[in-house]
Amino acid sequence: MSGVLYVYAITDSLAQPRGTGLGEAPLQRIESRPLAGIASEHAVPPELDEKVLWEHEQVVENLMSMGAILPLRFGSSVEHAEALIAMLAERREEFLAALERVRGAVEISVRAEVSVAPTEAPPPRPQSGTAYLLRRAEEERRERDAAELVHQPLAALARGCVPPASTHDRRQFKAAYLVEESGVEAFGNRVGELNTDLEGVRISSTGPWPPYSFVAGGST
Amino acid sequence: MSEQREQMQRRSEEAARRRDRDRDAWRKRNEASRERQERGVSRALRDRDVSLLDLVDRLLDGGVVIHGDITLAVADVDLIYVGLRALIASVETIERDVGISLSAKGPALKASAL
Amino acid sequence: MSARRQTRPARHSKLLAGDPDFAPLGDELERLDGALRRRVNADRENLEKGLAQLVLTLIELLRQLMERQALRRIEGGSLTPDEIERLGETFMLLEERMNELKEAFEIEDEDLNLDLGPLGRLI
């Protein structure tokens, strides 16, 4: 076999994958019991552009109907099935645990713009180092508090999350939440409520996505 | 000693100028966003924008990684940048998860180091 | 996934809820657009400026990280007033040095966030 095996996801489901791969290539299961990789063969790996990204996403979303899956990063490919089988065997426990974590759940992305207005007039000069740091501390605190008002209510509705990292200038909030499939509508409603109720905060959320952000480690 | 004071004064004046610029930039961004809304940029377009960003975040930054790196398909992107992004992500993770213990002990910043 | 949004006017919308119009998002999108459409900077001049940008962005990133660490230690109460004063002065000095470098390379604040194309921004 020449070319590459382009891999979309790992699963512990026994079902046949639905749909086709990129460029309508047939999907195949690469078995490494109890796991399997879902892949398609290609002469050359795909080139990166917007269209192929959406196409890839569609393939992975179709695979969600198999049951719990771990989506792979875009562009993941191996030369031979043996390499994939070996990897699945080597990281078996890791993948089984991850599948348990995401079973029956989807990922929702949340972005927010927190408009904490810049502070008042510049401080008297010369400014001491202490004053500078204390002012920075105050700014940080206000930003963090505002972010918590968005994050906490949403985390409460989620099985797990990748919390927002602290940001500096940008005042941008970005987080991912692992939500039960049955809870997606309620989650969306809550986002809408927070968007309306919270002052100086604009929130948007996209999803449901396959659980890209929850394939490794643990997060709550 | 007065030379030091002069220096400090210059420094804080510079810092103040910077902050003014930041404030202006912040105001400009808000104006731009308001303008977009007034111009009636279609909601469909905005949906697509944020959807694309979130898609890219997930497909290129998330998911299971095999062979410890993005292989083959992302030929356009300099691998140095890939490594940098991973570095930043791990620093953010350290900050988030281990931040407290990092601050317990550690080298203090020395003014002379700069 | 049960909730497929096939009936939406936009071909690729995954919006679930909320308002997707952010000012900062506009910048991110512009950069991503450029990267995905493969507008490649082949100029040598851009390359050199790009290197300066890379270095300064890294310094800026480290500065932010260190500043956050300092703030955390201040909140934790583990620093003496002297140490706080010295740290603050150091950060201000660093800010001034950064400004000097930015001016020397004619780099604006907005440039100081390295665009990694499809991988997003560094900071």
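How many residues does helix α1 of chain A have, and how far does the helix reach from its first C-alpha to its last? In this predicted model, in which local features need pLDDT of at least 70, side-chain atom pairs count only at pLDDT 80 or more and totals for chains, interfaces and linings use all residues, side-chain values use heavy atoms, with hydrogens and water left out. Residues are numbered from 1 along each chain as its sequence is written, while chains are lettered from A and ligands numbered from 1 in the order in which they are written.

Helix α1 of chain A (residues 50-63) has 14 residues and reaches 20 Å, close to the 20 Å expected at 1.5 Å a residue; the expected span is 1.5 Å times one less than the number of residues. Of these 14 residues, 10 are buried (under 20% relative accessible area, 1.4 Å probe, protein chains only), among them A:Trp54, A:His56 and A:Leu63.

Chain A as a whole contains five helices and nine strands (DSSP runs of H or I, at least four residues, and of E, at least two, numbered from the N terminus). Of its 220 residues, 55% are buried.

Terms used:
Buried means under 20% relative accessible area, exposed over 50%, partly exposed in between (1.4 Å probe, protein chains only).
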